[in-house]
Amino acid sequence: RTVEVVPAAIPDTFVELESKAAIVSGFANRFHLDVNDGVFVPAVSWPCGEGQWEELEAAAKNKRLPQLEILLYEVHLMVADPGRMGELFARAGASCVVAHIEAFEDAEAARHALLAWRAAGAREAGITRRSGMGTQADQRASADPLISLRHLPCSVIAQANLPLHDPLSLPVGNLDSRAEPDNSDALAPGV
């Protein structure tokens with residue numbers, strides 16, 4: 001069995017992201033990007049600093065995350081409002097976008113974001129929860145049978161293209177293929 005180590009970064013600027021992506025692309029094909037907004041978590045990283053939102057919008061417009069021809073981006077949003085940001089990262093070329101259930105108003109808002117990220121181009125879209133969080137996250141997740149966390153570790157990806165009536169069969173994310181997302185089964189009949 002092979003174990004893959006995925007390099008990660010929390011860049012302060014787009015220039016730093018470009019630099020780290022250039023280094024990582026020399027030895028890996030996946031890159032985990034943590035995004036912090038200073039609200040959901042105390043630290044601030046790109047694109048949440050002053051004047052940086054426009055850089056993400058430009059990247060989304062031109063589908064140009066650094067080294068995108070080599071790297072598959074996994075973006076972990078530790079932000080208070082992940083909806084639009086996740087969509088922009090997907091449009092910029094991120095293969096996987098994950099946010100925390102606590103950042104959403106309710107399970108329906110989380111479900112809507114997952115589907116929007118997939119429609120914007122992410123091959124995988126997921127929900128996780130903060131370590132040590134208990135009842136509040138569990139209540140939000142269990143309020144809707146379409147999203148079930150069942151104390152899953154952060155590495156488990158809830159894919160939005162799964163049949164929505166079967167939330168317990170959540171696979172670990174697989175980014176081996178660079179194929180375009182197939183959103184044809186994103187919504188189960190009657191949902």
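This is a predicted model: local features need pLDDT of at least 70, side-chain atom pairs count only at pLDDT 80 or more; totals for chains, interfaces and linings use all residues.

1. Three of them are taken up here: Glu4 with Arg30, Glu74 with Arg30, and Arg84 with Glu87.

2. In the pair of Glu4 and Arg30, the closest N and O atoms are 3.2 Å apart. Glu4 is partly exposed, at 42% relative accessibility, whereas Arg30 is buried, at 14%.

3. Arg30 also meets Glu74 in a salt bridge, at 2.4 Å from N to O. Here, too, distant parts of the chain are linked: Glu74 belongs to strand β3 (residues 72–78) and Arg30 to strand β2, 44 residues apart. Glu74 has a relative accessible area of 12%; because this is under 20%, Glu74 counts as buried.

4. Taken together, Glu4, Arg30 and Glu74 are linked in a network of salt bridges.

5. The pair of Arg84 and Glu87 lies within one helix, α3 (residues 82–92). The closest N and O atoms are 3.7 Å apart, which meets the cut-off of within 4 Å. Because the two residues are 3 apart in helix α3, about one helical turn separates Arg84 from Glu87. Arg84 is partly exposed, with 43% relative accessibility.

Methods. Residues are numbered from 1 along each chain as its sequence is written. Side-chain values use heavy atoms; hydrogens and water are left out. A salt bridge is a side-chain nitrogen of Lys or Arg within 4 Å of a carboxyl oxygen of Asp or Glu. Buried means under 20% relative accessible area, exposed over 50%, partly exposed in between (1.4 Å probe, protein chains only). Helices (H or I, at least four residues) and strands (E, at least two) are DSSP runs, numbered from the N terminus.
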